[in-house]
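Please view the sequence together with the coordinates.

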Amino acid sequence: NLAGGIYMSKYGNIRLNDNWFSSNAGNTIIDFVGDSTNLIMTGNLIYGVSTRNTIEIAGQQATITGNHIYGGLSNIVLLATAVSTTITGNVIRNSTGWGIDLNLAPDQTTITGNTFLSNASGNIRVGSATNTIISGNLPDGAITIKEGSNARMGVSTLSSGVKVVSNTSVTANSRIFLSVESIGTVTVPTMVAVTARTPGTSFTITSANVVDTSVISWFIMEPA
């Protein structure tokens, strides 16, 4: 029964199993900083507070599995230095922010088989994260993906039925999904397709109608 938090710096091969944590002092419960490696958390019951993140991961090779995590500002936050994080089989609920927040651009994150309940902002914010796998979770709300320059999701407006979308994240194997967001000069939605791509540079959206000025939403994913 630990009231407060655990701060791990310059440690490796850490095991936190079968504990009960509460943050009476209003601290981050688990703080795994960037100079630490190989954390395994299993079977813990963790109560956060609404003004602080419950778990912050900045180190490498963290595995968070089979825990019940409640009530933080965001329950699990991965920082930019976090690499090779696995989050699986947890119950993640009742945060005042995000269930899991990847907005600070961690790398190589796997989120599978978790149950999300009543997280106020949403369950997973992917944001600027790279090399992320999300599958088999049971959400009751949204997964959000950051838009903007070179992001994985966005909207583009056709001009004369064509739009070249500059995006450095596109690869030769990218799966690019398109949807008509709003109709332009055409009277009914017209078929659109990805007709060209240059990996690391851009992809081209083309409409079947050469006067089409519709707004097209797109979403880029990579095969596992």
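The model is predicted: local features need pLDDT of at least 70, side-chain atom pairs count only at pLDDT 80 or more, and totals for chains, interfaces and linings use all residues. Residues are numbered from 1 along each chain as its sequence is written, and side-chain values use heavy atoms, with hydrogens and water left out.

**Salt bridges**

Two salt bridges are found when the whole structure is searched; the term denotes a side-chain nitrogen of Lys or Arg within 4 Å of a carboxyl oxygen of Asp or Glu. One of them joins Asp101 to Arg125, with 2.8 Å between the closest N and O atoms. This pair connects distant parts of the chain, 24 residues apart, with Asp101 in strand β14 (residues 98-101) and Arg125 in strand β17 (residues 122-125). Strands here are DSSP runs (E, at least two residues), numbered from the N terminus.

The other bridge is formed by the side chains of Glu222 and Arg152, at 2.9 Å from N to O. Glu222 lies in the segment after β25 (215-221), and Arg152 in the loop between β19 (143-144) and β20 (153-157), so this bridge ties together parts that are 70 residues apart in sequence.

Buried means under 20% relative accessible area, exposed over 50%, and partly exposed in between (1.4 Å probe, protein chains only).

| Residue | Relative accessible area | Class |
|---|---|---|
| Asp101 | 9% | buried |
| Arg125 | 26% | partly exposed |
| Glu222 | 32% | partly exposed |
| Arg152 | 27% | partly exposed |

Asn90 belongs to the loop between β12 (83-88) and β13 (91-93). Its relative accessible area is 1%, so Asn90 is buried. The Asn90 side chain reaches the backbone oxygen of Thr88 at 3.1 Å. Contact means heavy atoms within 4.5 Å. Not counting residues up to four places away in sequence, Asn90 touches Ile64, Thr65, Gly66, Asn67, Ile69, Gly113, Asn114 and Thr115.

Ser95 is placed in the loop between β13 and β14. With 3% relative accessibility, Ser95 is likewise classed as buried. From its side chain, the backbone oxygen of Trp98 is reached at 3.3 Å. When neighbours within four places in sequence are left aside, the contacts of Ser95 are Gly71, Gly72, Leu73, Ser74, Asn75, Ser118, Asn119 and Ala120.

Apart from neighbours within four places in sequence, Thr130 is in contact with Pro106, Asp107, Gln108 and Thr109. The C-alpha atoms of Thr130 and Ala105 are separated by 6.5 Å, although these residues are 25 apart along the chain.

**The sheet β21-β24-β23**

An open sheet is formed by three strands in the order β21-β24-β23, with antiparallel pairing. β21 (162-166) and β23 (192-198) stand at the edges with a single partner strand each, so one side of each is left without a neighbour in the sheet. From one strand to the next, the twist averages 20°; axes are lines fitted to C-alpha atoms, and angles run from 0 to 180 degrees between N-to-C directions.

Two strands pair if DSSP finds at least two bridges between them. β21 pairs with strand β24 (residues 202-207) in the antiparallel sense over five bridges, and Val164 stands opposite Thr204 in β24. β23 and β24 also run antiparallel and are joined by six bridges; Val194 has Ile205 in β24 as its bridge partner. The hairpin of β23 and β24 has three residues between the strands, and Gly200 in the turn has a positive phi of about 80°.

How many of the six residues of β24 are buried? Five of the six are buried, and β24 is thus mostly covered.

Definitions and conventions: Helices (H or I, at least four residues) and strands (E, at least two) are DSSP runs, numbered from the N terminus. A polar contact is a pair of N or O atoms within 3.5 Å; within protein, one must be able to donate a hydrogen and the other to accept it, and residues adjacent in sequence count only if both atoms are side-chain atoms.
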